[in-house]
Structure formats: C-alpha cells, structure tokens
Amino acid sequence: RSVFVTDGRVNSFTDAAGRLRLTSFTWYVRNLGYDPALREAEVHTIYCGGSTQDASRIMQALSASYVVDGGRPMPCTTPTDFAAGGFRLAFERPTLRVWELAGS
C-alpha cells in the first residue's frame, strides 16, 4: 500500500509491482475526465522545487512514502537534493534511486 512519487511516464517499475503512484501518463489521466494540473504541479515541486521541506510537506499531505528518482519532469531548473535531509536512500542502481520519506 506504499504510495510512490514518479515522473509520470507511461510505464514505471512501480506499475509491475502493483504499487500506487501519485501520477501516471498525463493523457491517460485526462481521459478519465479530470484535469491533472494540480497533481502535476505538486509532483513538479517535489522533484524540482529545490526544497526537501516542501517535498516532505506535499508527500505527507498525499500519503506518499517514496520518491522514484530516475528521471525528472522537465524543465527542472532547481532539482531537489533528496540526500540533503528528510529522506533516506532505500534503493540504488546506476540510473535509479528510490528515496524514502523519513518517518513514513
């Protein structure tokens, strides 16, 4: 039942495992009949807001525990450095990291 923050691409490794994620491919969401703009903005702030405090606050409000850091929404002028605090590295491969929100 863990909730993951992902970059919103069509396929994420979380899908095969049956994990919940905050976003999916934007056009799929729009086809469900609602505007995904607010959630896209929240996810963009998590990845690109530059502040781990803002990322933590948003994730807590949405009951998300993990951030998949293998690609980021574009443009991303101020990437959030999850290693800076409030997150612990839960998984790492050369092109992918998964960060867990501290205390979740």
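My entries on the helix pair and the disulfide follow.

I first note that this is a predicted model, in which local features need pLDDT of at least 70 and side-chain atom pairs count only at pLDDT 80 or more, while totals for chains, interfaces and linings use all residues. Residues are numbered from 1 along each chain as its sequence is written, and side-chain values use heavy atoms, with hydrogens and water left out.

**Helix pair.** I looked up helix α3 (residues 37-48) and helix α4 (residues 52-61), which pack at about 145° with their axes 8 Å apart; axes are lines fitted to C-alpha atoms over the stretch in contact, and angles run from 0 to 180 degrees between N-to-C directions. Helices here are DSSP runs of H or I with at least four residues, and strands are runs of E with at least two, numbered from the N terminus. On the α3 side I found Glu42, Thr45 and Ile46 in the contact, and on the α4 side Asp54, Ala55, Ile58 and Met59 (contact means heavy atoms within 4.5 Å).

**Disulfide.** I searched the whole structure and found one disulfide, defined as a pair of cysteine sulfur atoms within 2.5 Å. Cys48 and Cys76 form this disulfide, with their sulfur atoms 2.1 Å apart. Cys48 lies in helix α3 and Cys76 in the loop between β3 (66-69) and β4 (87-93), so the pair, 28 residues apart, links distant parts of the chain. The torsion about the S-S bond of Cys48 and Cys76 is about -115°, so I recorded the disulfide as left-handed. Cys48 is buried at a relative accessible area of 7%, and Cys76 also counts as buried, at 16% (buried means under 20% relative accessible area, exposed over 50%, and partly exposed in between, with a 1.4 Å probe and protein chains only).
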